[in-house]
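Please open the model in your viewer, switch to a cartoon display, and keep the selection panel at hand. The stops below each tell you what to select and then what you will find there.

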Amino acid sequence: MDPYSLKKLNALRKERRAAILLTDLGDGRDRVIAEGDAVAGALGEAVAKAFRSGKSGTVVADGRTFFLNVHLPPPRLVMIGAVHISQVLAPMARLVGFDVHIVDPRTAFASPERFPEVRLDAEWPEDALARTPLDPYCALAALTHDSKIDDPAIRRALDAGCFYIGALGSRKTHAKRIERLTAASLSQTAIDTIRAPIGLPIGAASPAEIAVAILAEIIDALRSRGIEPRKGEAA
Amino acid sequence: MTAIQTRDPLQIAESWMGEGRDVAIATVVETWGSAPRPVGSHLIIDADSHFEGSVSGGCVEGAVVAEAADVLEDGKPRMLEFGVADETAWEVGLSCGGRIKVYVERLG
């Protein structure tokens, strides 16, 4: 491996950018492709597919055999609301392999005592998310029940193309949310991507059970992100 | 709070390189059947046979580390294949019944 490729790959991974290390298995030469870089021809198609699926593998293009090692950023779960559900969801998400970030301007909620060892910002989502921007490898769970706090975060998540956006609240609450977002000239297509009521319908009752339902829904969104239906599922 | 992460082989490879150590990188490029580590997984090895990461559940690492010494010596990448069909591989013990192909190359 070219030391320059290794450094470039590690730098992109550090910046949470998707990258592929492309190795020609014939002559051993390699190069790094960042998501968005133009790659022509048959190889370009294979590269685009690999970024979508996140799957590494061998491809033959233009008579040469290449290995594509796909490095997608680790998924991050951003919770808006330092609430009871967040207290349970944070350690669960971490066990599953997510980075966790909690934002809540209400200092009584967002206290380090309630969230030991959690990346916690006791400020408005606009401020916290300006400093630590959302990206397509982030999931956003809006959990405050307070539109002043949740709505701006949801709008940022829609702009950033987060792979999952879920919002807590009943169907009635969500209908009002849709009205507000429509009034703020968001498209119906964008609004339809918001999962509400949040979580898979497993009859969750306690905060911990709701956290399981949310986490399962996030994993489902992550694993079906931009790829064909999984084995055993209809198209 | 960040995810509970295992040590990152590619970060370690870069830091070993910074220390002036010779480094070989092994990568799982293909798997068939049940294989313990997915395609893309890395094992990195230095000239003193120190290693980090994994290409299997610990079954064939010994054989890969031994091969890495030759790769570091002559700089030529090698493609290794392990599986139950291969007597030697059976001895090194990919006992899960899968087969894997591992590409071993020198860094730099």
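Begin by selecting helix α5 (residues 147–160) of chain A, which lies across β5 (76–80), β8 and β9 of chain A and runs at about 160° to β8(A). Contact here means heavy atoms within 4.5 Å, while axes are lines fitted to C-alpha atoms, for helices over the stretch in contact, with angles that run from 0 to 180 degrees between N-to-C directions. The helices (H or I, at least four residues) and strands (E, at least two) on this tour are DSSP runs, numbered from the N terminus.

Before moving on, note that this is a predicted model, in which local features need pLDDT of at least 70 and side-chain atom pairs count only at pLDDT 80 or more, whereas totals for chains, interfaces and linings use all residues. Residues are numbered from 1 along each chain as its sequence is written, chains are lettered from A and ligands numbered from 1 in the order in which they are written, and side-chain values use heavy atoms, with hydrogens and water left out.

In chain A, 5 strands form an open sheet with parallel pairing, in the order β7-β6-β5-β8-β9. At the edges stand β7 (119–121) and β9 (164–167) of chain A, each with a single partner strand, so one side of each is left without a neighbour in the sheet. From one strand to the next, the twist averages 15°. Two strands are said to pair if DSSP finds at least two bridges between them; strand β8 (residues 138–142) of chain A and β9(A) pair in the parallel sense over 4 bridges, and if you select A139(A), you can look for its bridge partner in β9(A), which is Y164(A).

Next, select H145(A), which is found in the loop between β8 and α5 of chain A. This residue has a positive phi of about 70° although it is not a glycine. Then go to P197(A), placed in the loop between α7 (188–192) and α8 (207–223) of chain A, where a cis peptide bond joins A196(A) and P197(A), with omega about -5°.

Colour chain A by domain: domain 1 covers 3–71 and domain 2 covers 76–223, with bounds that come from an automatic or database domain assignment. Taken over C-alpha atoms, the centres of domain 1 of chain A and domain 2 of chain A are separated by 32 Å.

Which order do the strands of the antiparallel open sheet in chain A follow? There are 4 strands, in the order β2-β1-β4-β3, and the edge strands, β2 (30–34) and β3 of chain A, each pair on one side only. Here the twist averages 30° from one strand to the next. Select β3(A) and β4(A), which pair in the antiparallel sense over 5 bridges, and find V59(A) opposite F66(A) in β4(A).

Show the side chains of R64(A) and D24(A), which meet in a salt bridge (2.5 Å, N to O). This pair links distant parts of the chain, with R64(A) in strand β4 and D24(A) in strand β1 of chain A, 40 residues apart. A salt bridge is a side-chain nitrogen of Lys or Arg within 4 Å of a carboxyl oxygen of Asp or Glu.

Finally, bring chain B into view. Where the chains meet, 31 residues of chain A are in contact with 25 residues of chain B. The area buried between chain A and chain B is about 2,100 Å², of which carbon and sulfur atoms give 62%; buried area is the accessible area (1.4 Å probe) that two parts lose on being put together, summed over both. The largest share of the side of chain A that touches chain B, 6 residues, comes from α1(A).
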